[in-house]
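Please read this short report alongside the chain. It covers helices, the nonpolar core and a few loop residues.

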Amino acid sequence: IKAMDFDAFYEMAEPYIKEVISKVFSTLRNTYNFFCLYANIDKVEKKHLDVPYAERPELDRWIISKYNRLIKTTTEYMDVYDHMNTVRAIGEFIDGDLSNWYIRRARRRFFAEGEGDAMTLDKRAAYATTYEVLTGLAKMMAPIAPFISDEIYTKLTGETTVHTAFYPEADESLIDDRTEERMDLVKTLVNLGRSTREQEKLKVRQPLSKVIVDGRYKDVIDDLTPLITEELNVKEVQF
């Protein structure tokens, strides 16, 4: 057996390494830095993060549902030593769900007025949800990415290390199929709309009169159409 030349291996792997760094590690660090920046500005303390699940907006319940489903999925993968799919699932969650949808859609809630005890329930819910997901992700990533996970976990929690913490356990009562279906459908429609804009060379800042959506989805997402109109910069969603 002839060992592969390291330079040749790196040249072959370099595009994939760069993609993981960009979509997973850099995205996770940016999300963590965003949370810390505004948490420090707003003087957030742990007592402010106690927000009942039922009182959180649907966007929060969606990411919490996706997060608990991720725990369940990765636990099943790791039980059979399928680490490749474990890593892939975590990466897709960080890039596709947490950063490019939840944080982007919740961003204005962090900018809202009020700090410390004067924060609104909605603002506290955004901080609580992000904190829970970030600390949970750190524990999930600890066996795979020991350094960044330890840094994030210790700085957020004040604990000595993430490597004595238990792997998270999924709370299946927080997995909500209906909420996931609704928000995931909106995400898909927005991605399709943005892709069509790119193909037609229509920049998002250029407003359009309407977007036409298959009528069978009206009962599912009718009350979420403001998300679509804002994301795609259209005046109307027509089913």
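The report below starts with the basis of the values, then turns to helices, core and loops.

This is a predicted model, in which local features need pLDDT of at least 70 and side-chain atom pairs count only at pLDDT 80 or more, while totals for chains, interfaces and linings use all residues. Residues are numbered from 1 along each chain as its sequence is written, and side-chain values use heavy atoms, with hydrogens and water left out.

**Helices.** Helices (H or I, at least four residues) and strands (E, at least two) are DSSP runs, numbered from the N terminus. The expected span of a helix is 1.5 Å times one less than its number of residues. Two helices are listed here with their spans from first C-alpha to last.

| Helix | Residues | Span | Expected span |
|---|---|---|---|
| Helix 2 | 22 residues | 32 Å | 32 Å |
| Helix 4 | 21 residues | 30 Å | 30 Å |

Helix 4 runs over residues 121-141. It is mostly covered, with 16 of its 21 residues buried. Buried means under 20% relative accessible area, exposed over 50%, and partly exposed in between (1.4 Å probe, protein chains only). After helix 2 comes Tyr81, which has a positive phi near 60°.

**Core.** A nonpolar core is a set of buried Ala, Val, Leu, Ile, Met, Phe, Trp, Tyr and Cys residues joined through side-chain atoms within 4.5 Å. The largest one holds 61 residues, and Tyr102 and Leu137 have the most contacts inside it. Helix 4 gives the largest share, 11 residues.

Which residues does Tyr102 touch, not counting residues up to four places away in sequence? Its partners include Leu59, Trp62, Ile63, Ala125, Ala126 and Thr129, and also Asp60, Asp97 and Arg109. Contact means heavy atoms within 4.5 Å.

**Loops.** The loop between helix 1 and helix 2 holds Lys43 and Pro52. Phi of Lys43 is positive, near 55°, in a residue other than glycine. Pro52 counts as partly exposed because its relative accessible area is 40%. In sequence, Pro52 and Tyr16 are 36 residues apart; in space, they are 40 Å apart, C-alpha to C-alpha.

Lys201 sits in the loop between helix 6 and strand 1 (211-212). Its phi is positive too, near 60°, and the residue is not glycine. Is Lys201 buried or exposed? Lys201 is exposed, because its relative accessibility is 73%.
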